[in-house]
Amino acid sequence: MYFKKNGGFLFRVLYYERRISAEFFHSLTDGTGAIEFLKTLCAEYLSIKGYNIEKSKYILDIDDLPSKEEMEDAFIKYAVKEKFLSRGERKAYHPLGTFEPPGILHLTTGILDVDAVLEVSRSMKVSMTEYLAAVLIYVLYLNQKKYSYSDIKPITVSVPVNLRKHFQSKTLRNFSLFVNTGIDPGLGDYTFEEIVSMVHHFMRYSLNDKFLRAQISANVAAERNPVLRIIPLIVKNISLSAAFSLFGDTRISSTLTNVGKVIVPEDMEEHIERFEAMLSSTLLKPVNCSVISFKNVLTVNFTRTIKESEVEKEFFRFLVKKGLHVKVESNYE
């Protein structure tokens, strides 16, 4: 999204037939804030169309003024000066493929039964997010074994974390961090069961207030630095670009985000078939995955900027082999 060409806005709303979409630049909000906006927008649309949508805790009241809590910068609120978390990570493996021209983004959607996926996940004593992240790591691991013979790199999947579940905040601004979990194939071969166990324990080890607060502090440190604040913007942009090259997508094979369960007022449910979430893809992260659920419908969306669809095909094939029914839709032949 080029906001300089978008009237300065960091978001936009699109519609086509029975689909309405809201796209956000991540500095503005995260998945939680985006869903709150979209639910409220849909409620207002239905009201204008003549449907009676009662006020509810599940949607915002557009007649109310935004509260201070909704607008607070929760990163600043929970950052500490005492301890930062190191950013040191090795460069990760990235799926190979033929890149499409700029502006082309392929989308593959898998529709599953929430209860069925939960049953499979719980049978391995892990959460749905941990299970699906392990599947993606396993598929990327097999992908690297198939196409790379000498330069074996770690497989790292970045999993966004909704910090509102760990710190008291009602902010609608961006308040999420990432936990990077994965394996190092250079140490030997891995079974899927091993990967599931590693993802589970790493996620549980990382998702505690102390680690998260230290990561928040690392992100906020530059913003608080009085010297950096007076540096010209053009220099900051060059520095941020260099930092991203060192610590950004080079360290991540792919991203899997679980936006979670979407709840709307009962008056709205009959008008909504499903919710979807989509991540952008980059040169170094050409394939990304988003998960979201509504009632008992789980939607898994893969976005990619390369022609080859092998990663998502193997992902869904794996789930089918585990006994899950997957209905696949795609925007390409």
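**Note on helix 4 and some buried residues**

1. Helix 4 spans residues 114-123, and its buried residues are Val 114, Val 117, Val 120 and Ser 121. Buried here means under 20% relative accessible area, exposed means over 50%, and partly exposed lies in between (1.4 Å probe, protein chains only). Looking down the axis of helix 4, the buried residues fall within an arc of 135°, so they line one face of the helix. The arc is taken from the directions from the helix axis to the C-beta atoms. An α-helix has 3.6 residues a turn, so residues three or four places apart point the same way.

2. This is a predicted model, in which local features need pLDDT of at least 70 and side-chain atom pairs count only at pLDDT 80 or more, while totals for chains, interfaces and linings use all residues. Residues are numbered from 1 along each chain as its sequence is written, and side-chain values use heavy atoms, with hydrogens and water left out. Helices (H or I, at least four residues) and strands (E, at least two) are DSSP runs, numbered from the N terminus.

3. Which exposed residues sit on the face of helix 4 turned away from its buried side? They are Glu 119, Arg 122 and Ser 123. The cover over the buried residues includes strand 3 (106-113), helix 5 (128-147), strand 7 (287-294) and strand 8 (297-304).

4. The N-terminal end of helix 4 is capped by Asp 113, with a side-chain oxygen 3.0 Å from the backbone nitrogen of Asp 115. Just after the helix, Lys 125 has a positive phi of about 60°.

5. Arg 274 lies in the loop between helix 10 (266-269) and strand 7. Arg 274 is buried, at 18% relative accessible area. Its side chain makes polar contacts (pairs of N or O atoms within 3.5 Å; within protein, one must be able to donate a hydrogen and the other to accept it, and residues adjacent in sequence count only if both atoms are side-chain atoms). One is with the side chain of Glu 276 at 2.7 Å, and another is with the side chain of Glu 329 at 2.8 Å. Leaving aside neighbours within four places in sequence, the residues in contact with Arg 274 (heavy atoms within 4.5 Å) include Thr 109, Ile 111 and Phe 294.

6. Thr 29 is in the loop between strand 2 (19-24) and helix 1 (31-48), and is buried at 5% relative accessible area. A polar atom of the Thr 29 side chain lies 2.7 Å from the backbone oxygen of Leu 172.
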